[in-house]
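Have the viewer open as you read.

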There are 2 protein chains.
Amino acid sequence: MYETLDTPTLVIDEEKALRNIQQMAAKAQDQGVVLRPHTKTHKSPYFAQIQSAHGAEGLMVAKLGEAEVMRRAGFLDQSIGYPLIGPLKEARLRDLLLAGVRVRISVDSLDGLASLKRVFQTTGVRIGALIEVDTGMHRCGVEDPSAVLSLAQAVEEADGIDYLGITCFGGHLASTYDKDAIVGRIREEDRLLSELARRLDDAGLHASIISEGGTIPAAFLDELRTATEIRPGTYIFNDVATVASHAAIWDECALAVLTTVVSRPSRERAIIDAGSKTLGLDGPINGSYGWVVDHPEIRLTRMSEEHGIVQPVDGRSLDLAIGDRLLIIPNHVCPTVNLHDFAALARQGQLVGEVPIEARGLVQ
Amino acid sequence: MYETLDTPTLVIDEEKALRNIQQMAAKAQDQGVVLRPHTKTHKSPYFAQIQSAHGAEGLMVAKLGEAEVMRRAGFLDQSIGYPLIGPLKEARLRDLLLAGVRVRISVDSLDGLASLKRVFQTTGVRIGALIEVDTGMHRCGVEDPSAVLSLAQAVEEADGIDYLGITCFGGHLASTYDKDAIVGRIREEDRLLSELARRLDDAGLHASIISEGGTIPAAFLDELRTATEIRPGTYIFNDVATVASHAAIWDECALAVLTTVVSRPSRERAIIDAGSKTLGLDGPINGSYGWVVDHPEIRLTRMSEEHGIVQPVDGRSLDLAIGDRLLIIPNHVCPTVNLHDFAALARQGQLVGEVPIEARGLVQ
């Protein structure tokens, strides 16, 4: 399988990725919401371009590092989903604005707002701001609705800053794999957003953008009636988590890690050359650190940095020989992509090229 | 703190790293064992050079990718701790040998041995081989002593391959933080190796090299009397795990991640700009994904890719403001280093330069 590729390496089925891109765009269009795909999954202008050509309106980026890569590739409509804190970040935002990028940025504190005001003062370029709301993820974001209103008011009054609305990330919605429970949580998310939108309207702070992040909420979009914008990332490739969360099926998983069996130390154990340095370490799903394509009888039960330990389910036999190659779908594809400098591209099982992961590792 | 550095970023205290290098070299010399440091921790010719200048004899590398970086930097005595499987790997080993690198490689199967024989046949360059023994880590390695003997015999008889002895990795010794338990396990490890060495001697297969990997066994070297060589990696920087395992103290931790507080969404929660993409995701130790320097009252309790969630211990107050900077010692420093392209170097709290992590991400 892919004999010319050294292992371990990423292989992306370009047709599946394209189909995922088109399906999500069609869904967004059907529901009348804006699709602003998150680049954190593919970290590559190559795929951002395909998304843009198929219905995406602007890009979502994680941090300034991704924004800078996408700016150099010509993407001038960007939403940055991270608080902007500190003079070094302000200087970089200045450069982005002066290079012509229209920037929207999440704000969850007066400090974050103050940064944007300082950047406007020295550039004269207006900056869009969305209030980051905590709907249950409990990392960044304002949780108390009254506090959301006062921050929105402060943004509305800030010189050079355009108050656009609210943004949230539904990562917590995917902490179960029970479909009914997920749907119930998304309905509750929608109720929260709808109530908040009403309060903002009442206060004269109409949210023209209500933006929801994550592939799981986007997959259940018909339950999310209040959102005007979605920012899914993972949907382009999918992974074990999106399948387990009923947001995708195996055939929609467009990225896998090609590995080689390098050792058969015992009857019930095989070692592959992909460990946590290749796949990432996102916790096991159904007892496995990834889904072994075409081998439902085996699990990736443990990992070191360079070793993956493969074992059979329920004492079945392990029909793997040294030199065999396996394709493994990662549990969480975004951290996996971040570990690699490039990915091989395939169409119908044939290799057609290689794409650099240009925004890999840009943690700043 | 380090105001000119953008965050998050790695900061290495060069004096502490040098002290760690010197201490390990002195310990190896005292005990009369060879120190062959593992490059997987620093992944950088810069630090390999310092190790070589202070008592190291050759380098240990994880895979061919690290070997190639170190070869280009002029390191011509290398031990590769990974089975060599498949024609693409054989071609790369050939190139290494023809570039003048003296290579030793771990073997745990006849397939691995066959690869080495093929490489010898096309290069005429002899290759050293160590039988990889499984002393309890249960990933690669031969567990049954009789099987070790037969593989050693096959290596001994193989044309162009120099049988050198045995190698193992004591990663399993550190799965407890109880010092007495660790010492007990290392004594048991030593007993296993000593018994195996005796059986090899009896079979006329004297192991001139008995090589033990890992910083924990190296730290308790006086309990490991059978080893002729150690291959510690983490000791150069140390981390929360080596401190928890009594192999180091906090003052010997030479690498930390500099982060900024970007959000204070609630009284008991602060968000820092270092998540799993910056620190890695190695499991919590004492409820924390890293040790926050000078802040024993707080823990890094959760991580997303770009967010670290910091909380106080036992309901104490969280005295952190947006913009504050924190230094965080990683739980496991090797995967952390692998996530970064460079590290800042400091001496006595002053920045003095930057070192590229040249062998980062080389999973092949």
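## Strands and sheet in chain B

Two strands count as paired if DSSP finds at least two bridges between them. Keep in mind that this is a predicted model. With that in hand, look at strand E4 (residues 77-80) and strand E5 (residues 102-107) of chain B: they run parallel and are joined by four bridges. For a landmark, B:Gln78 has B:Val103 in E5(B) as its bridge partner.

That pair belongs to a wider arrangement. Chain B has an open sheet of eight strands, and reading across it you get E2-E9-E8-E7-E6-E5-E4-E3, with parallel pairing. Strand E2 (34-35) and strand E3 (59-61) of chain B sit at the edges, each pairing on one side only.

## A helix pair, seen in both chains

Two packed helices are described by the angle between their axes and the distance between the axes. In chain B, take helix H4 (residues 87-98) and helix H5 (residues 110-123): their axes come within 10 Å and cross at roughly 50°. That angle makes H4(B) oblique to H5(B). As for handedness, H4(B) passes H5(B) in a right-handed crossing. On the H4(B) side, the residues that meet H5(B) are B:Glu90, B:Leu93, B:Arg94, B:Leu97 and B:Leu98, and on the H5(B) side they are B:Ser115, B:Arg118, B:Val119, B:Thr122 and B:Thr123. Sorted by class, this contact has four nonpolar, three polar and three charged residues.

Now hop over to chain A. Helix H4 (residues 87-98) and helix H5 (residues 110-123) of chain A have axes that come within 10 Å and cross at roughly 50°, which makes H4(A) oblique to H5(A). The crossing of H4(A) and H5(A) is right-handed. A:Glu90, A:Leu93, A:Arg94, A:Leu97 and A:Leu98 come from H4(A), and they meet A:Ser115, A:Arg118, A:Val119, A:Thr122 and A:Thr123 of H5(A).

## A hairpin in chain A

Further along chain A, strand E16 (residues 342-347) and strand E17 (residues 350-356) run antiparallel, with six bridges joining them. A:Leu345 has A:Gly353 in E17(A) as its bridge partner. E16(A) and E17(A) form a hairpin with two residues between them, and A:Gln348 in the turn has a positive phi of about 50°.

## Domains of chain A

Chain A is divided into domain 1 (15-236) and domain 2 (250-356). Taken over C-alpha atoms, the centres of domain 1 and domain 2 of chain A are 32 Å apart. Where the two touch, 13 residues of domain 1 of chain A are in contact with nine residues of domain 2 of chain A. Helix H1 (residues 14-31) of chain A gives the most to the domain 1 side, with four residues. That side divides into three nonpolar, six polar and four charged residues.

## Where the chains meet

How many residues of chain B are in contact with chain A? It's 48, and they touch 48 residues of chain A. On the chain B side, the elements that give two or more residues are strand E10 (255-266), helix H10 (276-279) and helix H11 (333-338). E10(B) gives the most, with six residues. By class, the chain B side divides into 18 nonpolar, 17 polar and 13 charged residues.

Key: Residues are numbered from 1 along each chain as its sequence is written. Chains are lettered from A and ligands numbered from 1 in the order in which they are written. This is a predicted model: local features need pLDDT of at least 70, side-chain atom pairs count only at pLDDT 80 or more; totals for chains, interfaces and linings use all residues. Two residues are in contact if their C-beta atoms, placed from the backbone, lie within 7 Å. Ala, Val, Leu, Ile, Met, Phe, Trp, Tyr, Cys and Pro count as nonpolar, Asp, Glu, Lys and Arg as charged, and the others, Gly among them, as polar. Axes are lines fitted to C-alpha atoms, for helices over the stretch in contact, and angles run from 0 to 180 degrees between N-to-C directions. Angles under 35 degrees count as roughly parallel, over 145 as roughly antiparallel, 65 to 115 as roughly perpendicular and the rest as oblique. A crossing is left-handed if the near helix is turned anticlockwise from the far one by less than a right angle, and right-handed if clockwise. Domain bounds come from an automatic or database domain assignment.
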